[in-house]
Amino acid sequence: MKLVFGAVAASFFVAVAILLLSWTTYFAQLDSTAYDFTLRLAGPISPTSPTLIVAIDESSLDRIGAWPWSRDKLARLIERVETGNPRAIAVDVLLDEKKSEEEDNALAQSIANAPAIVLATRIASVNGVDRWRRPNVRFVQNHVRLGHVHADPDFDGISRRIFSAKISEAQAVRAFAREALRAAGLPEKGVFEENIGSADIIRPQTVNIRFVGDNASFRHVPAWKVLEGAVEPAAFKDQIVLIGSTAEGIDLDQWFTPFSANGQKMSGVEIHANAIETLYTGRAIAEISDMLVLVGLWTLVVLFWWVDRRFEGRRFYATAVLTGPVLVALSWLVMKYYSVWVPFPPFLAAIVLVLPGLEVGKLVRMNRDLDGKIGRLTVAALYERRASGGHRRPLQLETRQRILSELPDCSEREGWLTALDAYERESSGRDNNREHLFGTRRHNSRWKLDAVDFFNEELMRFLSFNNAILASIEDVIIVSNAAGHVVYQNPASKRLEGYCEDPPFAPDYFTSLLDRRPFVPLFARVLSQMEPVTSEFVPGRNGRNFYNVTLSPIARAGVVLSMHDATAQHELNQAKSDMVSLVSHELRTPLTSIRGYSDMLLKYNLVQEKGKEFLATIIDESSRLNQLIQSFLDIAYIESGRQKMTKSEFEIGPVFKDMVSILGPAAAEKEIAIEMPADMETTRVLADRLLLYQALTNLVTNAIKYSPPRTTIRIGVANGSGRVRFQIADQGCGIPADEAAKIFEKFYRRANKETREQTGFGLGLAFVKEVATRHGGDVLVESTMGEGSVFTLWIPN
Ligand code: ADP
């Protein structure tokens, strides 16, 4: 809004400036030329007023004799015309001199016989004083009208207008053409004077003549034909007959007009005829006011500004340049059909000035904008300069020292040092560049270009570095935009079976690269929920490779597919799973037979006394082995993923109660008390009930195993900050801090006395850890040697 306001105000000033310019002399000249051009373009028209010229032309001079003619000839001319009963006779000859009595009498007589007659008068300067050159008093009879015959040419000698009246010696005289119309009793279209009471107030105004064409546009007859009776008097009937000279050289009453294209002047009498026509038809050419011109200019400048903003470039120039002919055409149409002069030169000047003006304005704005942008980038660059000056160098030095001290003299060490050298050379070159560029205060246009080059290089470096990073990643990375068009694939993807350089639709492409599972729903989910989705061990197109596939969103702009080759991991899992089958079937089955047959041998007394002892050992050992296999399978089942977790919500109280009732006898044997909080009943958890029960049982079993007799085991449950914590605190031997993490490893048993006294395989805590992590939680231990341990198992609530 502010911008529009500014533009409208600026346009106003430009419009005013152009208007002022159009008032200068040079411009006036241009304006007049444009006026003539437009009038000529509007074309000649055929006259409609009853005007006839009796022309004192070259042929009349040849026949009758050289000018001036004796007044009796003029008298005869008037008489002849009068016989035809014209509406009026207007004599465009100055009759101010006194001639012979006889001649003047004859003329006075003929004037007296013409009821409607107009004689010419004009102002002339006599000894520096303006005076009317009136006709001889004998001719200025009562019925005679006087009209001024000033052609009033412009400064360029071209007659374009007449004054409606002229005033001198305190006497106002109407224009010759106006008096001719009045004498003929025809109305003039136009208001030139006010009537107040009995007095006419005459205010001279200019009347722009609508010339009907060049010379000889009006009907005319040579004077000699009239004098010799070669013209029928009827020809003058009801006409305004203008008598005047058209021959060149007679009292220099010849003027250029807008139609004088071929350098021929027009006689005064023809100009009067044109003036009569103009007033008769009411086609005096009106000029639009300066105010209107100003508004027009203003509108045009605002329009240019708008077009420039909207259609910058070629379309703007085309519009601006086309405005010129459009304006001329408009001016022509208005002149032709409405007789109104719309001066187009100021508008053309507006085009000529505003066009480059807007361009310059734009350049200035762009330059300023560029300065601002470079300024901002410079701040960033200066910041980096400070950063690089402050930290990098010492860091590099440190790196060098560590390379030298930690690596033996080998080719790898040399390789690293060479890379470091190259890096230092490059970064110090850049620092120098930056120093050179931003160390100076003078920021001329050369500097600006250098700065742009510098930023460009930095950007390219950054991009190529990023590209190199992506290229060096072993995982497959494929980027798709929101339209499903693949926009980037890293080099690793080229090694994929089914790689396509420009696939038509990304989700289909992903489908074809993997096990043909549909990707469209997943793609939509990732894009709309903006959360990554991972699937593990997705078989590749060939069925041999397996991938961990992640679809991640790039805001709402696209999706990145990353494929990590997890074939090895998959094989390992497979092996684990195979091993679980092996252990559970191939080991357990024979063990069950051994146990079964041993039991039978003992039961049916099939061996001697000595053998019974061996059999008891076999049964003991096989049940130990069975226990070991059971513990091992417990973990292996979950690890291999065979044991699916089935979570449910339940109260923890009953779980502990069950457990204590099972473990009670073992605790009682050692006189160990188990304390449980009273409010445990109400605590609810979301977990796999069986797994959690087993894990907690392992913890409590350990507490009984590794505590001395007559001690207490405290069970606690706490619920808060999104977690449920189970605590088993004993007063046992304790665990040293450096072993606190190790006891959760598979098959790890401490080498202390208490442990040696107890049977076990070091798998109980590993199982607890596995259960905790499977639930998204963890297990940890805090212990003081000789005082006891607190095991905390937590899972999210
Ligand atoms: P084990 O079958 O040996 O009990 P676990 O994995 O359950 O295997 O425990 C690993 C080791 O951690 C034990 O051998 C023992 O040394 C130590 N340990 C476990 N629980 C306790 C405890 N409550 N107090 C002291 N030591 C313990």
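In what order do the five strands of the open sheet with antiparallel pairing stand? Point 2 has the answer; first, some ground rules.

1. **What you're looking at.** This is a predicted model, where local features need pLDDT of at least 70, side-chain atom pairs count only at pLDDT 80 or more, and totals for chains, interfaces and linings use all residues. Residues are numbered from 1 along each chain as its sequence is written, and side-chain values use heavy atoms, with hydrogens and water left out. The protein chain has 21 helices and 29 strands. Helices (H or I, at least four residues) and strands (E, at least two) are DSSP runs, numbered from the N terminus. As for overall form, the C-alpha trace spans about 195 × 60 × 55 Å along its principal axes. The radius of gyration of the protein chain is 59 Å, while a compact globule of 797 residues would have one near 28 Å. That radius is taken over C-alpha atoms, and the globule rule is 2.2 Å times the number of residues to the power 0.38.

2. **The antiparallel sheet.** Back to the opening question: the order is E19-E18-E22-E21-E20. Two strands pair if DSSP finds at least two bridges between them. At the edges are strand E19 (486–489) and strand E20 (533–539), each of which pairs on one side only. From one strand to the next, the twist averages 20°. Angles here run from 0 to 180 degrees between N-to-C directions, and axes are lines fitted to C-alpha atoms, for helices over the stretch in contact.

3. Have a look at strand E21 (residues 546–554) and strand E22 (residues 558–565), an antiparallel pair with eight bridges. Contact means heavy atoms within 4.5 Å.

4. **The mixed sheet.** Another open sheet of five strands runs E24-E26-E27-E29-E28, and its pairing is mixed. Strand E24 (673–675) and strand E28 (778–784) have a single partner strand each, so one side of each is left without a neighbour in the sheet. Ignoring direction, neighbouring strands of this sheet are turned by 15° against each other on average. E28 pairs with strand E29 (residues 788–796) in the antiparallel sense, over seven bridges. Within that pair, Val779 stands opposite Leu793 in E29. Helix H21 (residues 764–774) packs on the sheet by touching E28 and E29, and its direction makes about 135° with that of E28.

5. **The ligand.** How many residues are around the ligand? There are 21, and Asn702, Asp730, Arg749, Thr755 and Leu765 come nearest. A residue is near a molecule or strand if one of its heavy atoms lies within 4 Å of it. A polar side-chain atom of Arg749 sits 2.6 Å from a ligand oxygen atom. Taken alone the ligand exposes 530 Å², of which the protein buries 98%. Accessible areas come from the Shrake-Rupley method with a 1.4 Å probe.

6. **Two hairpins to compare.** Strand E9 (residues 193–196) and strand E10 (residues 199–202) run antiparallel, joined by four bridges. Glu194 has Ile201 in E10 as its bridge partner. Two residues lie between E9 and E10 in this hairpin, and Gly197 in the turn has a positive phi of about 65°. Now try strand E7 (residues 165–168) and strand E8 (residues 171–174), also antiparallel with four bridges. Here Ala165 is partnered with Arg174 in E8. This hairpin has two residues between the strands, and Glu169 takes a positive phi near 45°.

7. Trp67 and Pro68 are joined by a cis peptide bond, with omega about -5°. Pro68 lies in the loop between helix H3 (58–64) and helix H4 (71–83). Asn85, a residue other than glycine, has a positive phi near 60°. You'll find Asn85 in the loop between H4 and strand E2 (88–91).

How values were computed. Polar contact = N/O pair within 3.5 Å; in protein donor to acceptor, adjacent residues only side chain to side chain.
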